Amino acid sequence: MKAMVLTEIGKPLILQQRDVPPTPQADEILVEIEACAVCRTDLHVVDGDLKHPKLPLIPGHEIVGRVKACGAGVSDLKPGVRVGIPWLGHTCGCCSFCQNHQENLCDHPIFTGYTRDGGFATHTIADRHYAFELDEDADPVALAPLLCAGLIGWRSLKKAGEGRTIGIYGFGAAAHIIAQICIWQGREVYAFTRSGDTQAQDFARELGATWAGSSEEDPPTKLDAAIIFAPVGALVPAALKALRKGGRIVCGGIHMSDIPQMPYSLLWEEREVVSVANLTREDALEFFPIAKQAGVKTHCIPYRLEDANTALEDLRHGRLSGAAVLIP
């Protein structure tokens, strides 16, 4: 077994060779990985923005692979079946949130690639109840970004509501997926990027965005809602400025820099700012069929597993249009 391992916060991942893959325990599956996408959350883990990760740690939580072995109690999955493994790796099932259909807010969760080993490897262990059967005929590289970028994008879009004009700030992996869903639904997409990032703006237009420009610009029409994927707090007042009365801002990232002081007038007239946290299994059951119906095509840049540090750096410096995907 090979794995790229984080041994110290802020340091590059280290390639390690292990004699044998781990053994699945009760209700667990051993998965032989076909592909694992690289998410901005992986950067937040590596850089220490998310505190107290398991160390040493194998990052990665957008995993596509095939079941290699099953632990005791797993009867509904067989070796060879393709599964996807997302960020939410386990919940307690007992806290008030789990009991109220809000497992994404569980008081005692386990997160793949953060508090348990993830997918920057050739094999991984997963809780069977948090692994989803995937299309056997699809390209595993193309599927991988759906496991987080797609799912969080979908949850963010649901929070955004039914508005027709949708602004998307930060046009990366999640944005390019959810933009396709919006366009399929008949909505207008307004894509906001870093100033001067004409590559991302052109990419958004190619996907069918009505408008694409810098986050410093005003869109040609007021937005019904906006989703912020870029981890930049200053985008909140910028998006509020572009929002119609009664509109909503959804912050779709797990980490964001501080929101700067702003005049109350930007929030007034019943505008709202909300956040999205993690995902639920129900989100996945909703999203995968919709992504297939909408004909979502992920734009992927493949990297060898050994080049995980390069993929992380390319993501950090905004050199990607679409999603980086590691292939063991």
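Predicted model: local features only at pLDDT ≥ 70, side-chain atom pairs only at ≥ 80, totals over all residues.

Analyst: A polar contact here is a pair of N or O atoms within 3.5 Å, and within protein one of the two must be able to donate a hydrogen and the other to accept it.

Beyond its neighbours up to four places away in sequence, Glu 28 touches Thr 23, Cys 70, Gly 71, Val 74, Arg 116, Ile 125, Ala 126 and Arg 128.

Asp 224 sits in strand β13, residues 223-228, and is buried, with a relative accessible area of 17%. A polar atom of its side chain lies 2.7 Å from the backbone nitrogen of Arg 164. When neighbours within four places in sequence are left aside, the residues in contact with Asp 224 are Gly 163, Arg 164, Thr 165, Leu 243, Arg 244, Gly 247 and Arg 248.

The charged pairs come next. Side chains of opposite charge can pair when their charged atoms come close. Counting a side-chain nitrogen of Lys or Arg within 4 Å of a carboxyl oxygen of Asp or Glu, the model has 22 salt bridges. One of them joins Asp 283 to Arg 155, with the closest N and O atoms 2.9 Å apart. Since Asp 283 lies in helix α8 (residues 281-293) and Arg 155 in helix α4 (residues 149-160), the pair ties together parts that are 128 residues apart in sequence. Asp 283 counts as buried at 1% relative accessibility, and Arg 155 counts as buried at 16%.

Glu 306 and Lys 2 also meet through their side chains in a salt bridge, at 2.6 Å from N to O. This pair links distant parts of the chain, 304 residues apart, with Glu 306 in the loop between β16 (300-304) and α9 (308-316) and Lys 2 in strand β1 (residues 2-5). Glu 306 is partly exposed, with a relative accessible area of 28%, and Lys 2 is likewise partly exposed, at 22%. In a further salt bridge, Arg 319 pairs with Asp 314 at a closest N and O separation of 2.8 Å; Arg 319 is partly exposed at 47% relative accessibility, whereas Asp 314 is buried at 14%. Elsewhere, salt bridges that share partners join Glu 34, Arg 66, Arg 82 and Glu 136 into one network.

Nine of the 12 residues of α5 are buried, so the helix is largely enclosed by the rest of the structure. Among these buried residues are Ile 177, Ile 178 and Ile 181, and what covers the buried residues of α5 includes α4, β10 (165-169), β11 (188-193), α6 (198-207) and α8. Just after α5, Gly 186 takes a positive phi of about 90 degrees.

Apart from neighbours within four places in sequence, Phe 287 is in contact with Leu 146, Gly 150, Leu 151, Trp 154, Ile 177 and Ile 181.

As for the cysteines, the structure holds zero disulfides. The sulfur of Cys 92 is 3.6 Å from the closest cysteine sulfur, in Cys 106, which is too far for a bond, because a disulfide requires sulfur atoms within 2.5 Å. Cys 92 is partly exposed, with a relative accessible area of 26%. Cys 94 is in no disulfide either, the nearest cysteine sulfur, that of Cys 92, being 5.1 Å away, and Cys 94 is exposed, with a relative accessible area of 64%.

Note on methods:
Residues numbered from 1 in each chain as written. Heavy atoms only, no water. Helix = DSSP H or I, 4+ residues; strand = E, 2+ residues; numbered from the N terminus. Buried < 20%, exposed > 50% of the residue type's maximum accessible area, 1.4 Å probe, protein only. Contact = heavy atoms within 4.5 Å.
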